[in-house]
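Me: I would like to learn how to read a protein model, one feature at a time. Could you take me through this one?

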Amino acid sequence: MNKKIIHVGLPKTGTTFLQNMIFPKLCKKMNYRYIGKSGEKNKYYFQMMYLKYAISNNFKIKKKFSLKQNFFISHEGLLPGDPEYWENAAKKLKFFFGNDPHIIITIRQPSSFLSSIYQEHCFTCLLYTSDAADDMQCV
């Protein structure tokens with residue numbers, strides 16, 4: 001039986017660093033196939049994106065993951081940011097991967113998380129201004 005490791009995030013918890021620098025090297029050492037944002041874009045990557053889309057848009061999953069070797073999947077979109085939807089996401093993950101995957105969830109101190117999300121929103125919306133050298137605000 002193949003071994004499955006699933007990293008489901010949350011966002012803003014160092015996931016990009018883990019996905020680019022740690023997980024691929026770890027998988028190579030452990031002889032696992034790495035499927036994630038920084039991994040190769042193959043049919044397994046697109047199956048993972050199908051699952052992410054199903055979780056994000058709350059539609060029923062009709063097929064299961066087809067890889068028959070040890071694998072490590074990482075995508076913070078596999079766990080919605082709102083805890084209200086975690087149970088539904090967990091049910092979809094269980095259906096898609098079966099009963100035996102090892103799940104890794106990365107978390108962050110809530111106040112630091114909110115500050116990071118707010119700053120990202122300001123940058124993303126191009127509403128970022130600086131009224132003073134050390135006093136930056138989003139308008």
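Me: Which residue is the bridge partner of I5 in β4?
Reply: First, a caution: the model is predicted. In β4, I5 is bridged to H102. That pair belongs to a parallel pairing of β1 with strand β4 (residues 102–104), joined by three bridges.

Me: What is the bridge partner of I5 in β3?
Reply: I5 has F72 as its bridge partner in β3. Strand β1 (residues 4–7) pairs with β3 in the parallel sense, over four bridges. Within this pairing, H7 stands opposite S74.

Me: How many bridges link strand β2 to β3, and is the pairing parallel or antiparallel?
Reply: β2 (residues 33–36) and β3 are linked by four bridges, and the sense is parallel. One example is I35, whose bridge partner in β3 is I73.

Me: How should I read the two faces of a strand?
Reply: In a regular strand, side chains alternate between the two faces of the sheet. In β3, F71 and I73 point one way, F72 and S74 point the other way, and all are buried. β1 is also covered on both faces, with K4 and I6 on one side, I5 and H7 on the other, and all of them buried.

Me: Is F71 buried or exposed?
Reply: Residues under 20% relative accessible area count as buried. F71 has 1% relative accessibility, so F71 is buried. F71 lies in strand β3.

Me: Which residues does F71 touch, leaving out those up to four places away in sequence?
Reply: F71 touches N2, K3, K4, I5, I6, Y32, R33, I35, F65 and F97. Y32 is 39 residues from F71 along the chain, yet their C-alpha atoms are separated by 4.8 Å.

Me: What should I look for in a nonpolar core?
Reply: In soluble globular proteins, nonpolar side chains tend to be buried together. Here the largest nonpolar core has 21 residues, and I35, L51, F65, F71, I73, L78 and F97 have the most contacts inside it. At least two residues of this core come from each of α2 (43–57), β3 (71–74) and α3 (86–97). The largest share, six residues, is supplied by α2. There is also a second, separate core of seven residues, including I5, L18, Y32 and F72.

Me: Which residues does L78 touch, not counting those up to four places away in sequence?
Reply: L78 touches I6, H7, V8, M48, L51, K52, I55, I73, A89 and L93. For the chain as a whole, 36% of the 139 residues count as buried.

Me: How is a pocket found, and what volume does the largest pocket have here?
Reply: Rolling a probe the size of a water molecule over the atoms shows where empty space is left. The largest pocket in this model has a volume of about 200 Å³. It is lined by 13 residues, and those closest to its centre are V8, A90, L93, K94 and I103.

Me: Which element gives the largest share of the lining of the largest pocket?
Reply: α3 gives the largest share, five residues. Sorted by class, the lining has nine nonpolar, two polar and two charged residues.

Me: Is T15 buried or exposed?
Reply: The relative accessible area of T15 is 5%, so T15 is buried. T15 is in helix α1 (residues 15–30). Apart from neighbours within four places in sequence, T15 is in contact with H7, G9, L10, E76 and T106.

Me: Which loop holds K12, and what is the phi of K12?
Reply: K12 is in the loop between β1 and α1. Phi of K12 is near 65°, a positive value in a residue other than glycine. With a relative accessible area of 27%, K12 is partly exposed.

Me: Where does N31 lie, and is N31 buried or exposed?
Reply: N31 lies in the loop between α1 and β2. The relative accessibility of N31 is 65%, so N31 counts as exposed. Phi of N31 is positive, near 65°, and N31 is a residue other than glycine.

Note on methods: Residues numbered from 1 in each chain as written. Predicted model: local features only at pLDDT ≥ 70, side-chain atom pairs only at ≥ 80, totals over all residues. Heavy atoms only, no water. Core = buried A, V, L, I, M, F, W, Y, C linked by side-chain atoms within 4.5 Å. Buried < 20%, exposed > 50% of the residue type's maximum accessible area, 1.4 Å probe, protein only. Contact = heavy atoms within 4.5 Å. 1 Å grid on protein atoms, 1.4 Å probe; cavity = no way out; pocket = protein on both sides within 12 Å on 5 of 7 lines; lining within 4 Å. Points joined across faces, edges and corners; volume = space filled by probe spheres on them. Nonpolar A, V, L, I, M, F, W, Y, C, P; charged D, E, K, R; others polar. Pairing = 2+ DSSP bridges.
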